[in-house]
Amino acid sequence: MKKKTLLIGAAGAAVAIMAGGALAQDWPARPVTLVVPYTAGGSADAIGRRLGEVLRKEANATVIVENKPGAGASLGTDFVARAQPDGATLLLASTSPLTIYPHLSKTNYDPMKDLTPLASVAVAPVAIVATKALPVRDFAGLVEYARAHPDGVRYGTPGQGTVAHIGMAAVTAGTGARMLHVPYRGNSQALTDGLGGVVELLVVNSDVVLPHVASGALKPLAVMAPQRLAAWPEVPTMAELKLPQAQYYSNFGVFAPANLPPAVAQPLQAALARAVASAEFKDLLAKSYLQPGTAAGAVFAKQVQEEYANNARVIEAGGIKAQ
């Protein structure tokens, strides 16, 4: 309970700007480093670089985007957690280093104490997609088929302990349908085997399979996203399928070190709000098939806490281990 109070208190100070507070503007006092704890070229990198560009304009600041990949994004996350809480070092990452990885491996940071969630800026939906090797038409058909053929449905994901894997563990627990997990090293490897009929089901980022769904090679059954995808308006979300606990997606947010002073948090959060509302950032979301962020300040902090607790239950119940 103490950890939750600390996290919500820090984020609550940050969200004070939404009420129009008039604190001193102590940010940016010096160049800002936006740490992306993943390799260059992926969704997080694209989000971070576009966000950095827009923040430079909105805050009239020098913003440097720096990739620090490794250890399930925990290396870059730890770097930010140890930085001074002055707004000069920020993290752009999915919530996974805070809500999944600490349940699978020891981290040097306390995910519920050492970072301040500032804002969710983008969501990368995960799709549950049937290959031609699976004779079903919709999600209900998948559940029925899997129940009749225990472990007869192999589902490929980008890897052990990923959002897709944890999400499917929640699906199988919620439906009682036994399916066999086949972890790959990334979305593209899983896609190759899915198109080749090696696995019956794919659970991968939706943008990876969009062209193959359009061609008819793959069939979407459900999306793990806050809302339906514009490209697949007929495909339901997990919440609509009465499985809200399986509503998993990559939720990319901006985080600061803990104990961020309100005088820093106020202008920082204001600049972030302007940046994600800008035409340039919305253009990235549309072109990358991403959805808008989910929340800011204390509301986002609460989402992170709930996700952390839910992941703990799913990982323990499923006996999920690090690869």
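Let me begin with the pockets: the largest pocket holds about 1100 Å³ of space, where a pocket is an open set of points on a 1 Å grid over the protein atoms alone, with protein on both sides within 12 Å along at least five of seven lines, for a 1.4 Å probe, and where the volume is the space filled by probe spheres set on points that are joined across faces, edges and corners. This is a predicted model, in which local features need pLDDT of at least 70 and side-chain atom pairs count only at pLDDT 80 or more, while totals for chains, interfaces and linings use all residues. Residues are numbered from 1 along each chain as its sequence is written, and side-chain values use heavy atoms, with hydrogens and water left out.

The lining of this largest pocket, meaning residues with an atom within 4 Å of a point, comprises 39 residues, and Tyr 38, Gly 72, Ala 73, Pro 158 and Thr 162 lie nearest the centre. The largest share, 3 residues, comes from α2, with helices and strands taken as DSSP runs, H or I of at least four residues and E of at least two, numbered from the N terminus. By class, the lining has 19 nonpolar, 17 polar and 3 charged residues; Ala, Val, Leu, Ile, Met, Phe, Trp, Tyr, Cys and Pro count as nonpolar, Asp, Glu, Lys and Arg as charged, and the others, Gly among them, as polar.

The second largest pocket, with about 280 Å³ of space, is lined by 14 residues, of which Pro 244, Gln 247, Tyr 248, Tyr 249 and Glu 307 lie nearest its centre. The elements giving two or more residues to that lining are β9 and α12, and α12 gives the most, with 5 residues.

Helix α12, residues 297-318, is also the place of Ile 315, which counts as buried at 5% relative accessibility (buried is under 20% relative accessible area, exposed over 50%, partly exposed in between, with a 1.4 Å probe and protein chains only). Leaving aside residues up to four places away in sequence, Ile 315 touches Ile 100, His 103, Leu 104, Ile 166 and Ile 320, a contact being heavy atoms within 4.5 Å. Ile 100 is 215 residues away along the chain, yet the two C-alpha atoms are separated by 8.5 Å.

Turning to strand β4, residues 115-130, we find 16 of its 16 residues buried. β4 pairs in the antiparallel sense with β9, residues 249-257, over 9 bridges, pairing requiring that DSSP finds at least two bridges between the strands. β4 also runs antiparallel to β7, over 5 bridges, and to β8, residues 219-224, again through 5 bridges. Within these pairings, Val 123 has Asn 251 as its bridge partner in β9, Ala 127 stands opposite Val 204 in β7, and Val 126 stands opposite Met 224 in β8.

Just after α8, Gly 197 takes a positive phi of about 80°.
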